[in-house]
Structures are given as structure tokens and as C-alpha cells.
Amino acid sequence: MKLFDVYPLIPVTITRAEACTLWDEQGEKYLDLYGGHAVISIGHTHPHYVQRIKEQLDQIAFYSNSVRIPIQHAFAAKLGELSCLHDYQLFLCNSGAEANENAIKLASFATGKSGMIAFSGAFHGRTSAAVALTDNPKIVAPCNARTDFHILPFGDLEAVETVLETQEIGGIIIEGIQGVGGIQVPSAEFLLGLEKLAKRYHAKLILDEVQSGFGRTGRFFAHQWVDGLRPDIISMAKGMGNGFPMGGILICPDFEASYGLLGTTFGGNHLACAAGLAVLEVLEAEKLQQKAAELGDQLIEELSKIPQITQIRGKGLMIGLDLDREAGPVRAELVKKYHIFTGSASKKETIRLLPPLCVDWNQLNSFISALKEILKT
Ligand SMILES: Cc1ncc(COP(=O)(O)O)c(C=O)c1O
């Protein structure tokens, strides 16, 4: 059977990984500064993560949400502690798109309104409502296109207010830091303005922290760089499971749950919670969030000395670099000659850096040297 050919591939077969290092089938080593789309948070095959998953697998991997699952509560308690969002409620699912889909549904249930707002450059996933709020017409199928969903200019509060005044809008969704859009950081003024407008017009503010969450930016969630901001719903996935498929939403206390309102077969299964709990335990024990903040600052400082880089954006270990040329050939050379994986973004000049949070300065420095060499020519 042939695979449905939808992915352009890097010509490397990875067979083993540890922390930030990957090995191919010939035993060649690679440095992972992309974490498989920002998924690897605590590092590949972390021993504590592996042990917790193995132990859980020996006990029980899965039973449905029709029975008590104590490890869900243990995960929720630890998540509340590390994110400092103790009073939010947790609903678990399996991916980022699914998390956003549930967030959008919940905003619509709570307000009784069907319209939604998202922003230029946004990526919220590929399922029906999430893709309709993603700024890429090529991946929106005719059955997903909606006239009551609006993609407005990033940063434009006036445009948001105009739509809120004239349409029935139940939710506004925005990434903590835009990922696929090239690491665009929303200003504090914009985020706080959205919060205020959402309140005034009875819409819910959804922070999509699927890529920017779990310590990556130096705060637990990227929006926590903005003092006082309290989203109605926060969606998460990627770094949450460090490779185990896991997603979820945090729901502020005003929302009332009722049986059957949301649901999933696999979400919050024993094995996923063991993986998620291991991630939180390692994040805390190894102070990876603080490390991300420090290393990110150091990296941005060094990169800003390279004249061929025209702009640097981001926080912590979520960084976008615009080059004075197309990034594709540079990234290909980084893999081929220097064995370093990086990411792309929607703009062709951008390189996206999303390393595992356990990366060290020597590894980041080897990237800086390689990049300087390539850009010299
Ligand atoms: C900000 C953001 N939201 C949602 C998603 C979708 O997540 P998933 O691919 O797990 O469905 C992504 C994936 O890249 C993302 O970056």
C-alpha cells in the first residue's frame, strides 16, 4: 500500500534520538533545533519520561472516560501548580487542532453565537472550525469555509471592534506567539485590548498555546508575559506530551460543565497522562522554563550580530529569523553539511528555531557558527 503523499520530506531516516540529538540509519548524528514541529519539550527519550510510560504500560494503557482515572487528576494538579492557573478546569483531548475545535465549540455554546475572529498569519489546525480560522485558503476545503468566521489584520483592534459591533461573534482566537506565521509576537496592548473587547461584546477570548506553551517561551504559557491577562480558554498540545499525542484546553471558572457537552474516546487516557505528568515533572526538576528564557536571550543577542539576518523575533526558545535571502537552501545546507535540523515558516525568508528545552549553549553555538559560514557566501 502506498502512503498518501502529502509531506515534502527531508531526505534523512531517523532511527534513534536522545535529548537534542538524532541519529540516522547509518549512525550519523544530527542536532535537533526543531523538535519535530515544537513537540519535543523535555528532550527525546528522557529517562524519566520513558520510565513513567513503561511503568504505566505495564499497569493499564487505556480505559475510556466512563470510569475514574486518578492520573488525570494528578496531571491536572501538577499543571495547575506549574502554570499557576489553579482555578481553571481541564478538558483533555489528543491534538492541537482538536483542542482548538473544543475551545471554539465551548465559546459558541457559552455565548450562543456562531461567529469567530482570528488573525492574519494564524494557524490553528486542520479540523473543521480550526482550519476555517487558519489563514491559508489552500488548506480550507469548501465544506469548511464559513462566512461568519473572520480573519482580521494581526494587531488591528479597530477592525476587531467593527466586526464585534456588527456581527454575532462568540469567540476570538489568537496564538500566544504565532508559530507557522513566522514567530510573530502579539503586543501586550493588542492582547489586553482583545480581552477588553471580548468582555464588552460578550465573546470568549481563546489563547492558542499549542506551540508556544509548556515553558517554551520562558513563561509557562506565552501570554503570561502579559501581566493581568486572563483568557477564557487556553488550548495546548505539542510540548505537553513530548511526542505522545496529547492535547487539552484550560477553561476559566465561569464556564459550567454538563454531562456530554464535550467528549472524546482517547483523550486523557492513562498512558497520555503518564507522559504528560512526566513532562511536567522534568520541566520542574530541570528548571527548563527558566533555562529557555536565559538561553533564548543569549541566542537572540548572538544572532543579532549576524548582518545577513534582517529581523529576529520571539521569546525563549521560540525564535524566528528573517534572512536576506530564501531560507530553504540555507536550511537544506544546515542539514546536509552541518547536520542541523531547523524549521520553516509561511514566509520564505524565515528560519524557525524550536529546539527541545534541554538544548545547551554549545549546541546553539554550533548552529550560530554553521549559519555564519553559510551566510558568508
Ligand atoms: C498554534 C497551533 N495551533 C494548532 C496546531 C494544530 O496542532 P495539531 O497538528 O496537533 O493538530 C498547531 C500545529 O502546528 C499550531 O502550531
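Author: The discussion below takes up the ligand shell, the sheets and the helix pairs.
Author: This is a predicted model, in which local features need pLDDT of at least 70 and side-chain atom pairs count only at pLDDT 80 or more, while totals for chains, interfaces and linings use all residues. Residues are numbered from 1 along each chain as its sequence is written.

Reader: How many residues surround the ligand, and which are the closest?

Author: A residue is near a molecule or strand if its C-beta atom, placed from the backbone, lies within 6 Å of it. Here 15 residues surround the ligand, and Ser 95, Gly 96, Ala 97, Gly 125 and Val 210 are the closest.

Reader: Which helix gives the most to the shell around the ligand?

Author: Helices (H or I, at least four residues) and strands (E, at least two) are DSSP runs, numbered from the N terminus. Helix H4, residues 96-111, gives the most to this shell, with 3 residues.

Reader: How do the residues of the shell divide by class?

Author: Ala, Val, Leu, Ile, Met, Phe, Trp, Tyr, Cys and Pro count as nonpolar, Asp, Glu, Lys and Arg as charged, and the others, Gly among them, as polar. The shell around the ligand holds 5 nonpolar, 8 polar and 2 charged residues.

Reader: What is the strand order in the open sheet of 4 strands?

Author: Two strands pair if DSSP finds at least two bridges between them. The order in this sheet is S1-S2-S3-S13, with mixed pairing. Strand S1 (14-18) and strand S13 (340-341) each have a single partner strand, so one side of each is left without a neighbour in the sheet. Strand S3 (residues 29-32) pairs with S13 in the parallel sense over 2 bridges, and Asp 32 has Phe 341 in S13 as its bridge partner.

Reader: What is the order in the open sheet of 3 strands, and which are its edge strands?

Author: The strands of this sheet run in the order S11-S12-S14, with antiparallel pairing. Its edge strands are S11 (309-315) and S14 (350-353), each pairing on one side only. Strand S12 (residues 318-323) and S14 share 4 bridges in the antiparallel sense; the bridge partner of Gly 320 is Arg 352 in S14.

Reader: At what angle do helices H3 and H8 pack?

Author: Axes are lines fitted to C-alpha atoms, for helices over the stretch in contact, and angles run from 0 to 180 degrees between N-to-C directions. Helix H3 (residues 70-83) and helix H8 (residues 270-285) pack at about 30°, with their axes 9 Å apart. That makes H3 roughly parallel to H8, a description used for angles under 35 degrees.

Reader: Is the crossing of H3 and H8 left-handed or right-handed?

Author: A crossing is left-handed if the near helix is turned anticlockwise from the far one by less than a right angle, and right-handed if clockwise. The crossing of H3 and H8 is left-handed.

Reader: How do H6 and H7 pack, and which residues meet?

Author: Helix H6 (residues 157-166) and helix H7 (residues 188-200) pack at an angle of about 15°, with axes 10 Å apart. H6 is thus roughly parallel to H7, and H6 passes H7 in a right-handed crossing. Two residues are in contact if their C-beta atoms, placed from the backbone, lie within 7 Å. Leu 157, Val 160, Glu 161 and Leu 164 in H6 meet Phe 190, Gly 193, Leu 194 and Leu 197 in H7. By class, this contact has 6 nonpolar, 1 polar and 1 charged residues.

How values were computed. Parallel < 35°, antiparallel > 145°, perpendicular 65-115°, else oblique.
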